[in-house]
Structure formats: C-alpha cells, structure tokens
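Student: Please take a close look at a single part of this model. I would like one connected account of the aromatic pairing and its surroundings.

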Amino acid sequence: MEPELKDEFVRIAESNKQSTSDVLRKLIQRYVDEAHERELVRQTANIRANTAEEEEAMQWIAAYGVGGND
C-alpha cells in the first residue's frame with residue numbers, strides 16, 4: 001500500500017474516532033457479504049436457466065408425445 005494512502009486512511013479513521021482495525025474489519029465484512037450476494041445471484045440465474053430448459057423440454061415432449069403411453 002502506498003504510504004500516502006495509508007496515512008490518509010489512518011487520518012480519516014482517527015478523525016471519525018474509529019480504530020483502523022475496526023474500519024478494516026467492517027470493510028472486509030462488506031466485501032465478503034457482497035461476494036456472497038454475487039454468488040447467490042449467479043446460482044439463482046443458473047437455477048432459472050435450468051428450470052426454463054426443463055420446462056421447454058417438457059413442452060416439447062408433450063407436443064410430440066415422446067415417452068407417452070402409445
């Protein structure tokens with residue numbers, strides 16, 4: 001980390017009466033929470049895509065009578 005950035009970080013944390021470790025802990029927690037949120041969004045999109053594919057396959061099967069009791 002650049003010394004200027006670190007100095008500014010410490011200065012701002014102190015001016016807000018916060019320890020740098022508290023600020024870093026909150027930032028890390030936010031980062032982890034956002035990563036979990038992105039993963040949930042990705043998984044939800046995959047589930048929706050798979051569900052749409054299944055519905056399309058079932059409609060095709062129903063339309064063409066595949067696997068029916070002919």
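**A close look at the aromatic pair**

Tutor: At 59% relative accessibility, Tyr64 is exposed, since the cut-off is over 50%. That value comes from a predicted model. Tyr64 has a ring partner, Trp60. Trp60 has a relative accessible area of 47% and is partly exposed, because that value falls between the 20% and 50% limits.

Now the geometry. A pair of aromatic rings is described by the distance of the centres and the angle of the planes. The count here is one aromatic pair. The ring centres of Trp60 and Tyr64 lie 5.0 Å apart, and their planes meet at 40°, so the pair is tilted. Stacked would need planes under 30 degrees apart, edge-to-face over 60.

Next, the backbone. Helix α2 covers residues 20–64 and holds both Trp60 and Tyr64. The two are four residues apart, about one turn of the helix.

Helix α2 also holds Leu24. Leu24 is partly exposed, at 42% relative accessibility.

Helix α1 spans residues 3–15, 13 residues in total. From first C-alpha to last it reaches 18 Å, close to the expected 18 Å at 1.5 Å a residue. Lys17 follows α1 and has a positive phi, near 55°.

How values were computed. Residues numbered from 1 in each chain as written. Predicted model: local features only at pLDDT ≥ 70, side-chain atom pairs only at ≥ 80, totals over all residues. Heavy atoms only, no water. Phe/Tyr/Trp six-rings, centres within 6.5 Å; stacked < 30°, edge-to-face > 60°. Buried < 20%, exposed > 50% of the residue type's maximum accessible area, 1.4 Å probe, protein only. Expected span 1.5 Å × (residues − 1).
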